[in-house]
Amino acid sequence: MHILVGVTGGIAAYKAAGVIRGFTELGHTVKVLPTQNALRFIGATTLEALSHNVVDSDLYTDVDSVKHIALAKEADLVVIAPATAAFIARYAHGIADDLLLNVLLATTAKVVVSPAMHTEMWQHPATVENIETLRSRGVEIIEPAFGRLTGDDSGPGRLPESEAIVSGALSSIAKGDLTGKRITIAAGGTREPIDAVRYIGNRSSGKQGLALADAAIARGADVNLIAINIEADLSRFPKVRNVSSTADLATALDEMLPTSNVIMMPAAVSDFRVAKVESGKLNRQESQEQELKLVANPDLLSGLSKTRQELGLSTILVGFAAEVLSETQDSAELLDRAKAKLARKNVDMIVANDVSHGAVFDQDHNSVMIVSNSDSLLSKGTKLEVANDVLDEIFKLFG
Ligand code: CTP
């Protein structure tokens with residue numbers, strides 16, 4: 001998605017950095033339009049580095065390209081963070097006296113405004129009226145947070161945390177087609193303890209799982225995230241349960257199964273665990289050689305499928321398969337393997353990708369084959385775009 005981030009001239013302008021980063025990390029293309037006053041608080045270089053795009057705030061350069069119209073058309077979503085009282089007043093009155101306001105008057109995209117100012121200014125009748133005017137025109141207002149302001153004062157007026165702005169803005173254009181659906185997503189990679197401090201782990205970053213959670217929340221779903229050793233900031237997710245080993249994950253999934261409409265497993269689950277975990281720390285001085293005996297872990301997804309049958313549940317189960325293909329094998333082989341896994345695990349969907357040569361891990365892009373009993377399709381793009389394709393296919397399964 002093309003997101004235009006407008007930054008106006010208040011002390012909270014430096015926090016726009018977190019908002020820009022939040023959108024780019026989710027795979028969106030971000031263009032930043034600071035006002036001249038915003039540039040007194042945050043440098044164009046910072047905004048360019050974070051958005052990976054050139055920053056231009058001047059209405060009167062490249063006039064021949066009619067850039068305010070081009071920017072207005074290109075945007076799928078416009079987010080103003082922070083929005084000052086003066087900006088809100090000019091926008092409410094249609095005073096297009098800089099590049100940002102020209103774009104705002106020309107765009108048909110959804111506009112989200114996140115105000116930040118002192119409490120007195122936020123509660124001033126002029127601001128209250130201007131905010132009402134914007135709301136009545138369909139502009140989404142993210143209420144300022146309560147807290148410490150620039151001086152010694154505190155009250156409503158603080159710019160909310162960047163995660164709240166990012167998810168609030170994305171939900172404002174959500175399809176809402178998954179409203180009321182409870183979706184459990186197990187993301188990350190398990191760790192099997194060897195002794196008190198060591199473990200056997202894997203390279204999963206959990207990024208595809210988090211993109212699924214972001215996309216599902218944005219589409220209205222009630223998402224329970226089972227976070228398996230994920231290092232990223234998870235504060236934007238309302239329901240998170242942290243687990244580490246395959247055994248912990250199995251317990252969490254069993255608990256979630258009866259109340260979930262969908263369980264998605266982008267998790268990298270260890271196929272083996274250490275047979276006897278040392279309670280202390282394995283020590284080189286005590287033995288020069290050490291053998292680790294591994295025993296197979298149960299297949300959790302197959303287990304969920306069996307329990308679903310026993311309990312007569314209709315939970316949709318979605319597996320993810322990381323396949324290593326040779327150079328001569330292509331997407332036909334990936335499809336064959338995904339179909340075989342779908343049948344073997346008796347699940348409703350397999351999302352398969354080729355992870356040979358270190359592709360995919362910790363990347364922002366992905367390329368997958370989405371296979372159900374009735375359909376198969378190739379999805380390529382940012383992990384968020386892939387997540388939405390997977391959710392589209394799940395939506396079809398709800399009938
Ligand atoms: N999975 C699981 N329990 C395991 C291993 C994997 O539930 N012990 C899940 C994964 O989370 C994933 C799906 O099963 O959603 C497919 O994982 P994959 O490793 O491809 O499955 P395996 O059964 O281990 O297949 P393979 O024999 O190809 O390794």
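Two strands count as paired when DSSP finds at least two bridges between them. Helices (H or I, at least four residues) and strands (E, at least two) are DSSP runs, numbered from the N terminus. The views below show a predicted model, in which local features need pLDDT of at least 70 and side-chain atom pairs count only at pLDDT 80 or more, while totals for chains, interfaces and linings use all residues. Residues are numbered from 1 along each chain as its sequence is written, and side-chain values use heavy atoms, with hydrogens and water left out.

**View 1. A parallel sheet of 5 strands.** This open sheet runs in the order β2-β1-β3-β4-β5, with parallel pairing. At its edges you will find β2 (29–34) and β5 (140–141), each pairing on one side only. Within the sheet, strand β1 (residues 2–7) pairs with β3 in the parallel sense over 4 bridges. To find your bearings, look for Val-5, which stands opposite Val-79 in β3.

View 2. Strands β6 (residues 145–148) and β7 (residues 154–158) pair in the antiparallel sense over 4 bridges. Follow the pair to Arg-148 and you will see Ser-154 of β7 standing opposite.

View 3. Asp-62 has a positive phi of about 45 degrees, although it is not a glycine. Its place is the loop between α2 (44–51) and α3 (67–74). Asn-346, also not a glycine, has a positive phi of about 50 degrees. That residue sits in the loop between α12 (331–345) and β17 (349–354).

View 4. The chain is divided into domain 1 (2–171) and domain 2 (182–397), with bounds from an automatic or database domain assignment. Taken over C-alpha atoms, the domain centres are 37 Å apart. Contact (heavy atoms within 4.5 Å) involves 7 residues of domain 1 and 8 residues of domain 2. The two domains bury about 640 Å² between them, 62% of it on carbon and sulfur atoms; buried area is the accessible area (1.4 Å probe) that two parts lose on being put together, summed over both. Leu-26, Gly-27 and Glu-163 supply 61% of the area that domain 1 buries here, more than any other three residues. Helix α8 (residues 162–172) gives the most to this side of domain 1, with 3 residues.

View 5. The side chains of Arg-219 and Asp-177 meet in a salt bridge (2.7 Å, N to O). Arg-219 lies in the loop between α9 (207–218) and β11 (222–228) and Asp-177 in the loop between α8 and β8 (182–188), so the pair ties together parts that are 42 residues apart in sequence. The structure holds 20 salt bridges, each defined as a side-chain nitrogen of Lys or Arg within 4 Å of a carboxyl oxygen of Asp or Glu. Across the interface of domain 1 and domain 2, by contrast, the rule finds 0 salt bridges.
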